[in-house]
Amino acid sequence: MPDPLRLAVLTDAPRVAGSELWLLYILPRLLPGGVQPTVFLRVGESLDRLAAQFGEAGIPVQRFTDLTGLPELTREFDLRLLQAWDPGTYLRLLPALAAPTLVVSHDQLDYHYAPPLRALYRETYRLSKAIPLRRAGHLLTVSRWGADFLRGPMGLRDTTFVTNGVDPGQFRPAPPEARATLRESLGFTRFTVLIPGRFTPEKNQWTSVRAARHAPELDFVFVGDMDSSVGTLVQGYAARLGLRNVRDRKSTRLNSSHRCI
């Protein structure tokens, strides 16, 4: 049998979000095809459980404290795959990494703002990410329209896509007899709008808070990183509006004693 392809998977993630769960789901599925991934993960308590889950799935993990050491640590691998939260990571690592390299982008590339803000956001993306991404050997994204955007307005021609999906064995409606118990355990007492995702400008949770102001008969529950800078701003906005139909995943009842969002 041929030797397995040694894949170095690099991420600068400070905590777990969808892109890290994507790795946890995808990487074990590469093992039967002769690919042996090793994940390079920051040192930090917020990532300890993820590191353990990779280990349980047969994926070795190396922890690091300084990004600048990764080019040397990954030099002997056959392929280097990079996922980045911070645009500066592309600028710092791509010129130093040995070839070949592959960048996987989970970026949300369409921004639902008024035209001037949308144009500004796209230009910011071009300067902060698209230009550094030209150093990547290849770019992979997770939607057809995302690939079209990167190839077209951003000029990143060497881009392909593999669409996202869900495991219906894990993500499926609860049995009807369990719904009432689940809703009670989560504090869902009325029609509830669930808004998942990290608090970032491109996800625009701000609009959902504004919608809650005009729909007091509905409850809005946010699931995301409330301690981020954008999360803190949105919480403050909801508090100033005096909204009582908005909360986060940690609250158990919708009343004035709990945080908004």
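Start by selecting Leu-102, which stands opposite His-138 in β6. You are looking at a predicted model, in which local features need pLDDT of at least 70 and side-chain atom pairs count only at pLDDT 80 or more, whereas totals for chains, interfaces and linings use all residues. Residues are numbered from 1 along each chain as its sequence is written, and side-chain values use heavy atoms, with hydrogens and water left out.

**The sheet**

Now widen the selection to residues 101-105 and 138-141: these are strands β5 and β6, paired in the parallel sense over 4 bridges. (Two strands pair if DSSP finds at least two bridges between them. Helices, H or I with at least four residues, and strands, E with at least two, are DSSP runs numbered from the N terminus.)

Colour the rest of this sheet next.

**Helix α1**

Move to residues 18-26, helix α1, and pick out Ser-19. Is Ser-19 buried or exposed? Its relative accessibility is 14%, so Ser-19 counts as buried. (Buried means under 20% relative accessible area, exposed over 50%, and partly exposed in between, with a 1.4 Å probe and protein chains only.) Leaving aside neighbours within four places in sequence, Ser-19 is in contact with Gln-83, Trp-85 and His-106, where contact means heavy atoms within 4.5 Å.

Trp-22 is in helix α1 too. At 19% relative accessibility, Trp-22 counts as buried. With neighbours within four places in sequence left aside, its contacts are Gln-83, Val-104, His-106, Val-142 and Asn-164.

**A pocket to visit**

Next, select Ala-174, Arg-179, Leu-182, Arg-183, Leu-186, Phe-188, Thr-192 and Leu-194, which line the second largest pocket. (On a 1 Å grid over the protein atoms alone, a pocket is an open set of points with protein on both sides within 12 Å along at least five of seven lines, and lining residues have an atom within 4 Å of a point.) Two or more lining residues come from each of α7 (176-186) and β8 (192-196), and α7 gives the largest share, 4 residues. The pocket has a volume of about 340 Å³, that is, the space filled by probe spheres set on its points.

**Zooming out**

Finally, show the whole chain, with its 9 helices and 10 strands. Its C-alpha atoms fill a box of roughly 60 × 45 × 35 Å, taken along the principal axes. Of its 261 residues, 40% count as buried.

Terms used. On a 1 Å grid over the protein atoms alone, a cavity is a set of points where a 1.4 Å probe fits but cannot get out, and a pocket is an open set with protein on both sides within 12 Å along at least five of seven lines; lining residues have an atom within 4 Å of a point.
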